[in-house]
Amino acid sequence: MERSSGVGHELTGPLVHDLVNKLAVIVGHCDLMSEHLKAGSQCAKRVAAIQEIAQGIAKQLNECQCRLSECARSAEIEKRNVA
């Protein structure tokens, strides 16, 4: 049981980090696109919406990654205390 928890963290941690990095690229591209769009246009509004969604997802993933790290530390401390 402990092993599956460790494996899950090993797989999830890098995946979350990779997703956050990709979302940062999306946000950056939205910034670049916004500079070339007419303010208030429908296209500018859509790009802003995409950027906002990507930022929200990145924030949620970062929070998830923090919780995973806390759980992994707690499990490691419990494992040491049992041994």
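The structure holds one salt bridge, a term used here for a side-chain nitrogen of Lys or Arg within 4 Å of a carboxyl oxygen of Asp or Glu. The partners are Asp18 and Lys22, whose side chains meet at 3.3 Å, N to O. Asp18 and Lys22 are four residues apart in helix H1, so about one helical turn separates them. Asp18 counts as partly exposed because its relative accessibility is 34%, and Lys22 is partly exposed too, with a relative accessible area of 48%. On this scale, buried means under 20% relative accessible area, exposed means over 50%, and partly exposed lies in between (1.4 Å probe, protein chains only).

A word on the ground rules before we go on. This is a predicted model, in which local features need pLDDT of at least 70 and side-chain atom pairs count only at pLDDT 80 or more, while totals for chains, interfaces and linings use all residues. Residues are numbered from 1 along each chain as its sequence is written, and side-chain values use heavy atoms, with hydrogens and water left out.

Now step back to the whole chain. It has two helices and zero strands; helices (H or I, at least four residues) and strands (E, at least two) are DSSP runs, numbered from the N terminus. Buried residues make up 16% of the 83 residues. Contact means heavy atoms within 4.5 Å, and among contacts between residues at least 6 apart in sequence, 69% join residues at least 24 apart.

The buried residues in H2 are Ala44, Val47, Gln51, Ala54, Ala58 and Leu61.

Some of these names return in the largest nonpolar core, which has seven residues: Val16, Val20, Leu23, Val27, Ala54, Ala58 and Leu61. A nonpolar core is a set of buried Ala, Val, Leu, Ile, Met, Phe, Trp, Tyr and Cys residues joined through side-chain atoms within 4.5 Å. Helix H1 (2–35) and helix H2 (42–82) each supply at least two residues of this core, and H1 gives the most, with four. In soluble globular proteins, nonpolar side chains tend to be buried together.

Which residues does Val20 touch, not counting those up to four places away in sequence? They are Ala58, Leu61 and Asn62. Val20 sits in helix H1 and counts as buried because its relative accessibility is 15%. Val20 and Ala58 are 38 residues apart in sequence, yet 5.2 Å apart in space, C-alpha to C-alpha.

Leaving aside residues up to four places away in sequence, Gln51 touches Val27, Cys30 and Asp31. The side chains of Gln51 and Asp31 make a polar contact at 2.5 Å; such a contact is a pair of N or O atoms within 3.5 Å, and within protein one must be able to donate a hydrogen and the other to accept it, with residues adjacent in sequence counting only if both atoms are side-chain atoms.

Finally, the cysteines. A search of the whole structure finds zero disulfides, that is, pairs of cysteine sulfur atoms within 2.5 Å. Cys71 is in no disulfide, and the nearest cysteine sulfur, that of Cys64, is 9.2 Å away. Cys71 counts as exposed because its relative accessibility is 52%, whereas Cys30, at 5%, counts as buried.
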